[in-house]
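Thanks for asking me to look this over. Here are my notes on the salt bridges, point by point.

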Amino acid sequence: MIRSLVRGLFEHGEIETTQAKAKEVKRWADKLLPMAIENSLESKRKIHQFFGKRDIVNTLTNVIAPAISDRKSGFTTIEARGNRRAVSYTHLTLPTKRIV
């Protein structure tokens, strides 16, 4: 489940989820983005091992990584959007910081 949330984050730029899931996705995204910035064969293989699909690896290394290569850390943020009515949990978004 975390893998699909991380993939959705990289494909769409932000996701909406609960606080616990957002913290875990942030942890994984902040580990994968420095590997994508490195852009070596080894790092591409590690990213492919996590996702299992080549399209997201190419998106990370060719589109997202060059746009954020000047940063060392802090690639994602967690923003509170309020409480959900039916379930009463905090609704959060996890946007990647502005890429362009």
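Predicted model: local features only at pLDDT ≥ 70, side-chain atom pairs only at ≥ 80, totals over all residues.

1. Residues are numbered from 1 along each chain as its sequence is written, and side-chain values use heavy atoms, with hydrogens and water left out.

2. Searching the whole structure gives five salt bridges (a side-chain nitrogen of Lys or Arg within 4 Å of a carboxyl oxygen of Asp or Glu). Three of them are described here, among them Glu-11 with Arg-7.

3. Helix H1 (residues 2-12) holds both Arg-7 and Glu-11, four residues apart, about one turn of the helix; helices are DSSP runs of H or I, at least four residues, numbered from the N terminus. Their N to O distance is 3.0 Å. Arg-7 is buried at 19% relative accessibility, while Glu-11 is partly exposed at 42% (buried is under 20% relative accessible area, exposed over 50%, partly exposed in between, with a 1.4 Å probe and protein chains only).

4. In helix H2 (residues 19-38), Glu-24 and Arg-27 sit three residues apart, and their closest N and O atoms are 2.7 Å apart. Glu-24 is partly exposed at 27%, and Arg-27 is partly exposed at 39%.

5. Helix H3 (residues 41-51) contains Glu-42 and Lys-46, four residues apart. Their salt bridge spans 3.5 Å, N to O. Glu-42 is exposed at 51%. Lys-46 is partly exposed at 41%.

6. Finally, shared partners link Arg-7, Glu-11 and Asp-55 into one salt-bridge network.

Methods: Helix = DSSP H or I, 4+ residues; strand = E, 2+ residues; numbered from the N terminus.
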